[in-house]
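I opened this model to look up a few things residue by residue, and I kept notes as I went. The entries are grouped by region.

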Amino acid sequence: MKKILITGGTGYIGSHTVVELVNAGYKPVIIDNFSNSSIKILDQIEKITRIRPEFFDFDLCDEKATLEFIHQHPDIEGVIHFAAYKAVGESVEKPLKYYRNNFYSLINLLEAFTSRKVNFVFSSSCTVYGQPDKLPVTEDARVKKAESPYGNTKQVSEKILQEVASVNKNLKAISLRYFNPVGAHSSALIGELPIGVPQNLVPFITQSAIGKRGEIVVHGNDYNTPDGSCIRDYIHVIDLAKAHVAALKLLENKIYSQQYSVYNIGTGRGSSVLEVIQAFENVSGVKLNYRIGPRREGDIEKIYGDVSKAEKELGWKAELGLNEMTSSAWAWEKYIQKNSL
Ligand code: WQD
């Protein structure tokens, strides 16, 4: 059973990926410092998979601890690196917090694997594209000036990976550029656990629907889109988790000769804010309390991915739609309330 290290493995996407790795017959090992998650998620993963993953709580920014850990685990064959700060707004207020954390953790991991083979999957983001000139956006689209320090850490981290993989033949790496991850596991035992007031659309919708938040503000309906609200490529977190397993399998494939590659991970379809609201109301039967407000600083108008490269080379394609995304998010919100998670 191949041992795979998942950094940030108790986080939103990390925890769903741990479940899919177990389903695919891998042995997951998690490193997490709970800066944006809860240890309770380990219990939830165990409830779903019947396996409690090996777990280590330390900060990957600690070079000594990271080097020692990797040295003590010579049987780790792959890494899926999620551990990073990801709040766009906070990154603008505290850039050094983001640069230190997101770069030091990646550099320490790469340093630790310098002298041995490793398959490395990196959690990147469509945020590297900014507002693409052409849609759907392809992986070779121009990477624009980052709109935030968070987005900059993703752009530079991709560059670091590409450059290290080009000189260190022990490292084979793939960056997955996520579009907008939403939804929760079908068991409703794991999902997104935003800390504080959710910045993202779907967790705010579910918290408003359950009465934890007030009215939803739609940030602008005067964009150049069919209904005036912004368009995004929302992808179910289960589909996204499966894409990480597909990327790992490709890196393990002896025929695969690339040192570094990038894949868009989305559905290839755009949905507007108002369409997401409509989908949620349809599946939940809950009438949402929302109003149209001003545009949000830093929002791009529309983006959705060309996902043909992932379909062709990863053999992966998103299967779940907005209804499953919104219904699973709603089931998870109700589970959180009932179990005071
Ligand atoms: C989606 C749309 C909002 C909340 C962010 C990060 C990105 C990535 C995914 C990490 C926008 C609108 C939202 C609300 C609203 N994260 N909205 N009312 O901004 O596309 O992407 O998450 O990689 O880096 O930037 O996602 O969910 O915040 O917003 O109208 O209360 O919903 O204006 O048009 P976004 P989001």
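**Conventions**

I note that this is a predicted model, in which local features need pLDDT of at least 70 and side-chain atom pairs count only at pLDDT 80 or more, while totals for chains, interfaces and linings use all residues. Residues are numbered from 1 along each chain as its sequence is written, and side-chain values use heavy atoms, with hydrogens and water left out. Helices (H or I, at least four residues) and strands (E, at least two) are taken as DSSP runs and numbered from the N terminus.

**Ligand**

The side chain of R232 has an N or O atom 2.6 Å from an oxygen atom of the ligand. For N180, a polar side-chain atom lies 3.0 Å from a ligand oxygen, and for N200 I likewise find a polar side-chain atom 3.0 Å from an oxygen atom of the ligand. On its own the ligand has 680 Å² of accessible area, of which the protein covers 89%; the areas come from the Shrake-Rupley method with a 1.4 Å probe, and for residues only the protein chains shown count as cover.

**Helix 3**

For burial I used relative accessible area, with buried under 20%, exposed over 50% and partly exposed in between (1.4 Å probe, protein chains only). In helix 3 (residues 63–72) the buried residues are A65, T66, F69 and I70. Why do they share a side of helix 3? They cover an arc of only 125 degrees around the axis, and this puts them on the same side, the arc being that of the directions from the helix axis to the C-beta atoms. K64, H71 and Q72 are exposed on the other side of the helix. I find the buried residues packed against several elements, among them strand 1 (3–7), strand 4 (76–81) and helix 5 (95–112), with contact meaning heavy atoms within 4.5 Å. At the start of helix 3, the backbone nitrogen of K64 has a side-chain oxygen of D62 within 3.1 Å.

**D75**

D75 sits in the loop between helix 3 and strand 4 and is partly exposed, at 40% relative accessible area. Although D75 and K2 are 73 residues apart along the chain, their C-alpha atoms are separated by 8.0 Å. Setting aside neighbours within four places in sequence, I list K3 and R116 as contacts of D75.

The buried residues of helix 2 (residues 40–49) are I41, L42, Q44, I45 and T49. They fall within an arc of 160 degrees seen down the axis, so they line one face of the helix. Their cover includes helix 1 (12–23) and helix 11 (322–338). R50 follows helix 2, has a positive phi near 65 degrees without being a glycine, and is exposed, with a relative accessible area of 68%.

**Other backbone angles**

Most residues other than glycine have a negative phi, and most peptide bonds are trans. A188 has a positive phi of about 65 degrees and lies in the loop between strand 7 (180–182) and helix 7 (201–209), where A188 is buried at 10% relative accessible area. I also noted that the peptide bond from L135 to P136 is cis, with omega near -5 degrees.

Key
A polar contact is a pair of N or O atoms within 3.5 Å; within protein, one must be able to donate a hydrogen and the other to accept it, and residues adjacent in sequence count only if both atoms are side-chain atoms.
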